[in-house]
Amino acid sequence: MEIYKHKVQYYETDKMGITHHSNYIRWMEEARIDFCEQIGWGYDKMEKDGIMSPVIGVECKYKLNTTFADVIEIEIFVEEFSGVRLKLRYEMKRDGKLVCEGKTEHCFMSPEGKILRLKKDHPTLFELFTSMAENK
């Protein structure tokens, strides 16, 4: 699996030249979309198959500042998967140094808003997330 890379843009920085804190959450979404595409379940495929995966929680812990033109490598780990909820962990690094740790929590729903149980409703995706989960 390739690590997602994001180059800090000038507009992502504040008056002090430091990346605004809200951008890290956006980068997690960019990395998550890339991650899903790499495992063969891009958001377009999930939605075509009737799977919505809203964010139901987010956490961000900032360790070091980043600035314009820094290249941030974002690695994603499946921290926990229950078949109904998915918890992802993000490590964001610049030159090998941890700059931010993040987490997102997701559920799976039909377009009509019904909670999906992936083991029953989408067993292939269930098996994939189960195999990747750190909480096996």
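Predicted model: local features only at pLDDT ≥ 70, side-chain atom pairs only at ≥ 80, totals over all residues.

1. Helix H1. The helix H1 covers residues 22–38, and its length can be checked simply: at 1.5 Å a residue its 17 residues should span 24 Å, and the end C-alpha atoms are 25 Å apart, which agrees. The buried residues of H1 are Asn 23, Tyr 24, Trp 27, Met 28, Ala 31, Arg 32, Phe 35 and Cys 36. An α-helix has 3.6 residues a turn, so residues three or four places apart point the same way. After H1 comes Gly 40, which has a positive phi, near 90°.

2. Arg 32. The side chain of Arg 32 does make polar contacts, one of 3.2 Å with the side chain of Tyr 43 and another of 3.0 Å with the side chain of Tyr 90. Leaving aside neighbours within four places in sequence, the residues in contact with Arg 32 are Tyr 43, Val 55, Ile 76, Leu 88, Tyr 90, Thr 104 and His 106.

3. Strands around E3. Strand E3 (residues 71–81) runs antiparallel to strand E1 (residues 4–7), to which it is joined by four bridges, and the bridge partner of Lys 7 in E3 is Val 71. Strand E3 also runs antiparallel to strand E4 (residues 85–94), here with eight bridges, and Ile 74 stands opposite Met 92 in E4. The hairpin of E3 and E4 has three residues between the strands, and within the hairpin Gly 83 takes a positive phi near 100°.

4. The structure holds 13 salt bridges, one of which is formed by Glu 73 and Lys 5, with the closest N and O atoms 3.7 Å apart. This pair links distant parts of the chain, since Glu 73 is in strand E3 and Lys 5 is in strand E1, 68 residues apart. Glu 73 is partly exposed, with a relative accessible area of 33%, while Lys 5 counts as exposed at 52% relative accessibility.

5. A buried pair. Are the two partners of the salt bridge between Arg 94 and Asp 70 buried or exposed? The closest N and O atoms of Arg 94 and Asp 70 are 3.5 Å apart, and the pair links distant parts of the chain, with Arg 94 in strand E4 and Asp 70 in the loop between strand E2 (55–62) and E3, 24 residues apart. Both Arg 94 and Asp 70 are buried.

6. Glu 79 forms a salt bridge with Lys 103, the closest N and O atoms being 3.3 Å apart. Glu 79 lies in strand E3 and Lys 103 in strand E5 (residues 97–107), so the pair ties together parts that are 24 residues apart in sequence. Lys 103 counts as partly exposed, at 31% relative accessibility. Both residues belong to a network of salt bridges that links Glu 79, Arg 89, Glu 91, Lys 93, Lys 103 and Glu 134.

7. Ser 53. The loop between helix H2 (43–48) and E2 contains Ser 53, which counts as buried at 14% relative accessibility. A polar atom of the Ser 53 side chain lies 3.4 Å from the backbone oxygen of Cys 107. Not counting residues up to four places away in sequence, Ser 53 touches Tyr 43, His 106, Cys 107 and Phe 108.

8. Glu 12. Glu 12 counts as buried, at 2% relative accessibility. Residues up to four places away in sequence aside, Glu 12 touches His 6, Lys 7, Ile 18, Thr 19, His 20, Asn 23 and Trp 27. Glu 12 and Thr 67 are 55 residues apart in sequence, and their C-alpha atoms are 8.6 Å apart in space.

Terms used: Residues numbered from 1 in each chain as written. Heavy atoms only, no water. Helix = DSSP H or I, 4+ residues; strand = E, 2+ residues; numbered from the N terminus. Polar contact = N/O pair within 3.5 Å; in protein donor to acceptor, adjacent residues only side chain to side chain. Contact = heavy atoms within 4.5 Å. Expected span 1.5 Å × (residues − 1). Buried < 20%, exposed > 50% of the residue type's maximum accessible area, 1.4 Å probe, protein only. Pairing = 2+ DSSP bridges. Salt bridge = Lys/Arg side-chain N within 4 Å of Asp/Glu carboxyl O.
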